[in-house]
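This report describes a single protein chain, shown below.

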Amino acid sequence: MYFNFSADLTTVEPWSKSNWSQTDLPRLRKGMVGAQFWSAYVPCGRKHLDGVQTTMEQIDVIRRLAETYSSDLQLVTSVKGIREAHKVRKIASLIGVEGGHSLGNSLAVLRIFHSLGARYLTLTHTCDTLWAGCCSGLDSPENEHQGLSPFGLLVLRELNRLGMMVDLSHTSVKTMEDALNYTLAPVIFSHSCAYSLCTSLRNVPDHVLKLVALNDGIVMVSFYSYFISCNSTSTLEQVIAHINHIKNVAGEDHVGLGAGYDGINHTTKGLEDVSHYPQLLTSLMSNHSWTEEQIKKLAGNNLLRVFSKVEKVRDEWKEDGMKPVEDILMPLNKEPLLPNCTEGYNMT
């Protein structure tokens, strides 16, 4: 369906009637957004089917969006690119792949996604993969403590080598712990909140927040009400409480903003769409526990630091001659015409 992204979509159907529509160019400009991760997401139902193809089609949409609206958006793949876009007053547009099921259990596919511009991978979405456990365990609720398999550790190694950020939102606590103990580059939680304030399995426990600080990573606070208040409604003050909690437990260098707009249908009152970031930052400015420098970290400098260190690990490994991981998962089922032909694998 064609749409005009430079229009105010609050006045254009069907977006004006959708609880899932919170982004367009006028609102991005009003919200003074300098950089945006566009998520290449496909449902878990695509796993073992056409998930790889559908993810590539999503990446194609993102790239074409940036090209079509190039007077406002600039596709970037590096910290340098973000800074260059900012200098010319364009919105730096980055690509993230949200869900390890999009890889089709293939490190070659991960490398292809990187070559197309993806710069983070969320290890799971709402389904386990064969190599990483998710927080909801919809595939295997009896195995809610599943972490990273040996192949999962290889996925992390390849992400480190490529210079792609490891995103731990949606993962099980065991996967969080395994990743933080194994990765040599800082991680991100792209859209999560504090478990101590809302006991959603999508949120981050305090002991993991402390591990994130040791890793020099970042937890980016979502504005989805069910992660903020564990209810369908939430307030700006409750969002600030999550930001403050993460700041207090992990430190001012390890908290950021990851609203989740256009992927959530219950937004925080006062933060209904991308135009409302200034209200949040203004509210924090009025709080004497926040300095201007700390707010700059929250608004983007913390993420730039993490991304820079991920790139540094990549460059050091390249200088050391680190080679791509060649291991693959081989299907156990030898009948390719069966609908579940890729559900079982051996690593070779």
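## Salt bridges

In this predicted model, E13 and K17 form a salt bridge whose closest N and O atoms are 3.2 Å apart. E13 is exposed, with 55% relative accessibility, and K17 is also classed as exposed, at 65%. Another pair consists of D50 and R46, where the closest N and O atoms lie 3.1 Å apart. Here D50 is partly exposed at 27% relative accessible area, and R46 is partly exposed at 37%.

The side chains of D216 and K309 also meet in a salt bridge, with an N to O distance of 2.5 Å. D216 belongs to the loop between α7 and β7 (218-221), whereas K309 is part of helix α11 (residues 292-319), so this pair ties together parts that are 93 residues apart in sequence. D216 is buried, its relative accessible area of 17% falling under the 20% cut-off; K309, at 38%, is partly exposed. A network of salt bridges links D24, R27 and D273. In total, the structure holds 16 salt bridges.

Strand β3 (residues 91-98) is largely enclosed by the rest of the structure, because eight of its eight residues are buried. In a regular strand, side chains alternate between the two faces of the sheet. Both faces of β3 are covered: I91, S93, I95 and V97 are buried on one side, and A92, L94, G96 and E98 are buried on the other.

From β3 the chain crosses through helix α4 (residues 107-115) to β4, in a right-handed β-α-β crossover. A right-handed β-α-β unit is likewise made by β2, helix α3 (residues 79-87) and β3.

The chain is divided into domain 1, comprising 30-133 and 152-184, and domain 2, comprising 187-318. Taken over C-alpha atoms, the centres of domain 1 and domain 2 are separated by 18 Å. The contact takes 32 residues from domain 1 and 28 residues from domain 2.

Between them, the two domains bury about 2,600 Å², of which 72% is on carbon and sulfur atoms. On the domain 1 side, V79, M165 and L180 lose the most area to domain 2, together accounting for 22% of what that side buries. The number of salt bridges between domain 1 and domain 2 is zero.

Helix α6 (residues 173-182) has T175, M176, D178, A179 and L180 buried. The buried residues of α6 pack against α5 (150-162), β6 and α7.

L197 is located in the loop between β6 (187-192) and α7 (206-215). With 41% relative accessibility, L197 is partly exposed. Apart from neighbours within four places in sequence, L197 is in contact with I228, A241, H242 and H245. The C-alpha atoms of L197 and N244 are 11 Å apart, although the two residues are separated by 47 residues along the chain.

Definitions and conventions: Residues are numbered from 1 along each chain as its sequence is written. This is a predicted model: local features need pLDDT of at least 70, side-chain atom pairs count only at pLDDT 80 or more; totals for chains, interfaces and linings use all residues. Side-chain values use heavy atoms; hydrogens and water are left out. Buried means under 20% relative accessible area, exposed over 50%, partly exposed in between (1.4 Å probe, protein chains only). Helices (H or I, at least four residues) and strands (E, at least two) are DSSP runs, numbered from the N terminus. A crossover is right-handed if, with the strands pointing away from the viewer, the path from the first strand over the helix to the second runs clockwise. Domain bounds come from an automatic or database domain assignment. Contact means heavy atoms within 4.5 Å. Buried area is the accessible area (1.4 Å probe) that two parts lose on being put together, summed over both. A salt bridge is a side-chain nitrogen of Lys or Arg within 4 Å of a carboxyl oxygen of Asp or Glu.
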